[in-house]
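This briefing describes how the secondary-structure elements of one protein chain are arranged and which residues bring them together. Please read it alongside the sequence and the coordinates.

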Amino acid sequence: MAKRVLVVEDNELNLKLFCDLLRAHEYVTEGVRDGREAVARARVFAPNLIVTDIQLPHLSGYDLILQFKADEALRDIPIMAVTAYAGREDEERIRAAGADAYVSKPISLMRFVDAVAALV
């Protein structure tokens, strides 16, 4: 059975790129452009992995990670943060919130796919 990946990304081109790339590697994807919808969509979609941008409007990816980890039904799903924040302190803060992996933008497509495969 194909692994399911929820992708939370407000940039439409990045969302399409991530979803298309994952589908090409036989993952089932669900894209969400607004972090405020992500927790509810995750409950319905039941992903094996959540990939989230950190710079989101309305609700940051950092706060979204905290919400996922606070939700009993979702807390065990691995989370990969994808972000333009590339400082060591940023990575430490994001991992401390509960992210299992951290990929900085601009991304290497193979590094992205390898990071996904390592988490699912």
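**Helix packing and sheet architecture**

Helix H2 (residues 35-45) packs against helix H3 (residues 61-70) at an angle of about 25 degrees, the two axes lying 10 Å apart. The model is a predicted one.

**H2 against H3**

- The angle between H2 and H3 is about 25 degrees, and the two helices are therefore roughly parallel to each other.
- The crossing in which H2 passes H3 is right-handed.
- On the H2 side, the contact is made by Gly 35, Ala 38, Val 39 and Ala 42, while H3 contributes Leu 64, Gln 67 and Phe 68.
- Sorted by class, the residues in the contact of H2 with H3 are 5 nonpolar and 2 polar, with no charged residues.

**H3 against H4**

- H3 also packs with helix H4 (residues 88-97), at an angle of about 25 degrees and with 8 Å between the axes.
- This geometry makes H3 roughly parallel to H4.
- From H3, the residues Tyr 62, Ile 65, Leu 66 and Lys 69 meet Arg 93, Ile 94 and Ala 97 of H4.
- The contact of H3 with H4 comprises 5 nonpolar and 2 charged residues, and no polar ones.

**The sheet**

- Strand E3 (residues 49-53) pairs with strand E4 (residues 79-83) in the parallel sense, over 4 bridges.
- Opposite Val 51 stands Met 80 in E4.

- The axes of H1 and H5 come within 11 Å and cross at roughly 65 degrees.
- H1 passes H5 in a crossing that is right-handed.
- Leu 17, Phe 18, Leu 21 and Leu 22 of H1 make the contact with Leu 109, Phe 112, Val 113 and Val 116 of H5.
- By class, the residues in the contact of H1 with H5 are 8 nonpolar, no polar and no charged.
- Phe 18 belongs to helix H1 (residues 12-24) and Phe 112 to helix H5 (residues 109-119), so the pair ties together parts that are 94 residues apart in sequence.

**Backbone features in loops**

- Most residues other than glycine have a negative phi, and most peptide bonds are trans.
- Glu 26, a residue other than glycine, has a positive phi, near 70 degrees.
- Glu 26 is placed in the loop between H1 and E2.
- The peptide bond that joins Lys 105 and Pro 106 is cis, with omega at about -5 degrees.
- Pro 106 is found in the loop between E5 and H5.

Conventions:
Residues are numbered from 1 along each chain as its sequence is written. This is a predicted model: local features need pLDDT of at least 70, side-chain atom pairs count only at pLDDT 80 or more; totals for chains, interfaces and linings use all residues. Side-chain values use heavy atoms; hydrogens and water are left out. Axes are lines fitted to C-alpha atoms, for helices over the stretch in contact, and angles run from 0 to 180 degrees between N-to-C directions. Angles under 35 degrees count as roughly parallel, over 145 as roughly antiparallel, 65 to 115 as roughly perpendicular and the rest as oblique. A crossing is left-handed if the near helix is turned anticlockwise from the far one by less than a right angle, and right-handed if clockwise. Contact means heavy atoms within 4.5 Å. Ala, Val, Leu, Ile, Met, Phe, Trp, Tyr, Cys and Pro count as nonpolar, Asp, Glu, Lys and Arg as charged, and the others, Gly among them, as polar. Two strands pair if DSSP finds at least two bridges between them.
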